[in-house]
Amino acid sequence: MLGRFLAAQACRQGRDVLALTSAEWDITDPAAAERFIQSGDVVINCAAYTKVDAAEVDQERAYAVNAVGPENVAHACARAGADLIHISTDYVFSGAHHRPYEIDDETGPLSVYGRTKLAGELMVLAAMPDAHIIRTAWVYEGGDGSDFAAVMRRLAAGDGPVEVVADQVGSPTYVGDLAGALLQIADDGSIREPVLHAANEGAISRFEQAQAVFEAVGADPHRVLPVGSDRHPRPAPRPAYSALSARRSAEAGLTPLRPWRKALAAALASHGPLPSTP
């Protein structure tokens with residue numbers, strides 16, 4: 001999703017873009033990068049194993065894609081003289097805090113997915129200390145896909161109650177805004193902080209996000225009912241609180257992303273009215 005949006009946005013800006021699928025460039029193959037990376041390139045690694053629950057049993061593949069793969073890309077960029085921007089996640093944090101996480105807060109991932117993404121951060125910076133690690137959170141498009149906002153949008157078109165967990169708090173991030181932040185980092189050579197946070201401003205629960213989706217598309221937000229995570233148990237534990245602070249990123253020169261509610265409204269409006277239900 002992010003790769004698709006990023007490539008389209010970069011092309012609209014007149015950039016020379018090469019967007020490769022995993023079949024075309026398998027980052028777990030250490031030799032594959034040499035075919036594509038050249039001096040002066042900016043490589044933005046959007047490849048990731050993002051099936052959080054599946055990673056609990058598919059640990060070897062998750063580690064290969066989220067840790068070893070990014071390390072391969074970092075070594076190749078360092079050898080070629082290219083810049084690297086690598087995407088990471090709020091799930092590197094434990095969720096023990098009750099205020100937005102700063103860049104240098106202690107990490108403590110709860111899931112295999114989170115641990116492999118943290119390993120990827122460390123391995124990228126060990127291979128290429130001047131790379132950029134961009135942590136983001138709860139990325140969505142809000143259209144016809146499988147992201148949270150898209151699912152809630154489809155449910156809003158129906159009727160009856162919808163149960164959503166109210167004990168997971170984070171920073172919902174519109175993929176278009178995240179893509180804009182990544183392109184700013186690619187352009188601005190003065191941003192030197194190795195780890196940055198890029199997420200829409202604000203900290204809300206999944207329940208509140210779902211209510212906001214319903215309200216934005218003209219459905220009754222009272223149909224959304226708050227429940228605890230134990231109501232819908234998942235194989236992988238999620239941090240109870242993983243909102244990201246943009247304070248240090250702004251100090252480093254990154255333009256803060258707009259408030260989450262404005263971003264959500266714009267994202268949903270871009271997809272037009274809800275589909276009609278029988």
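Contact here means heavy atoms within 4.5 Å. Keep that in mind for the whole talk. This is a predicted model.

Where is it found? Glutamate 102 sits in the loop between β2 (83–89) and α3 (112–127). Is glutamate 102 buried or exposed? Its relative accessibility is 14%, and buried means under 20%, so glutamate 102 counts as buried. Which residues does it touch, leaving aside neighbours within four places in sequence? They are Phe93, His197, Ser245, Arg247 and Arg248.

Next, the sheet. Four strands, parallel pairing, open, in the order β1-β2-β3-β8. β1 and β8 (195–197) stand at the edges. Each has a single partner strand, so one side of each lacks a neighbour in the sheet. On average, neighbouring strands are turned by 25° against each other, direction ignored.

Now β2 itself. On one side, β2 pairs with β1 in the parallel sense, over 4 bridges. On the β3 side, 5 bridges join β2 to β3 (residues 132–136), again parallel. Histidine 86 of β2 is the bridge partner of asparagine 45. Histidine 86 also stands opposite isoleucine 133 in β3. How enclosed is β2? Largely, by the rest of the structure, because 6 of its 7 residues are buried. Helix α2 (residues 59–80) lies across β1 and β2. The helix runs at about 160° to β2.

On to the helix pair. A general point to begin with: two packed helices are described by the angle between their axes and the distance between the axes. Here the pair is α1 (residues 2–12) and α5 (residues 175–187), and they pack at about 60° with axes 9 Å apart. That angle makes α1 oblique to α5. The crossing is right-handed. Who makes the contact? From α1, we have Leu2, Phe5, Leu6, Gln9 and Ala10. From α5, the list includes Val175, Leu178, Ala179, Leu182 and Leu183, with Gly176 and Gly180 as well. By class, the contact residues of α1 and α5 divide into 9 nonpolar, 3 polar and no charged.

Stay with α1 for a moment. Its buried residues are Leu2, Phe5, Leu6, Ala7, Gln9 and Ala10. What do they pack against? The partners are β1 (42–45), β2, β7 (173–174) and α5. After α1 comes glycine 14, with a positive phi near 85°.

That is the tour. Questions, please.

How values were computed: Residues numbered from 1 in each chain as written. Predicted model: local features only at pLDDT ≥ 70, side-chain atom pairs only at ≥ 80, totals over all residues. Heavy atoms only, no water. Axes fitted to C-alpha atoms, helices over the stretch in contact; angles between N-to-C directions. Helix = DSSP H or I, 4+ residues; strand = E, 2+ residues; numbered from the N terminus. Parallel < 35°, antiparallel > 145°, perpendicular 65-115°, else oblique. Left-handed = near helix turned anticlockwise from the far one by under 90°. Nonpolar A, V, L, I, M, F, W, Y, C, P; charged D, E, K, R; others polar. Buried < 20%, exposed > 50% of the residue type's maximum accessible area, 1.4 Å probe, protein only. Pairing = 2+ DSSP bridges.
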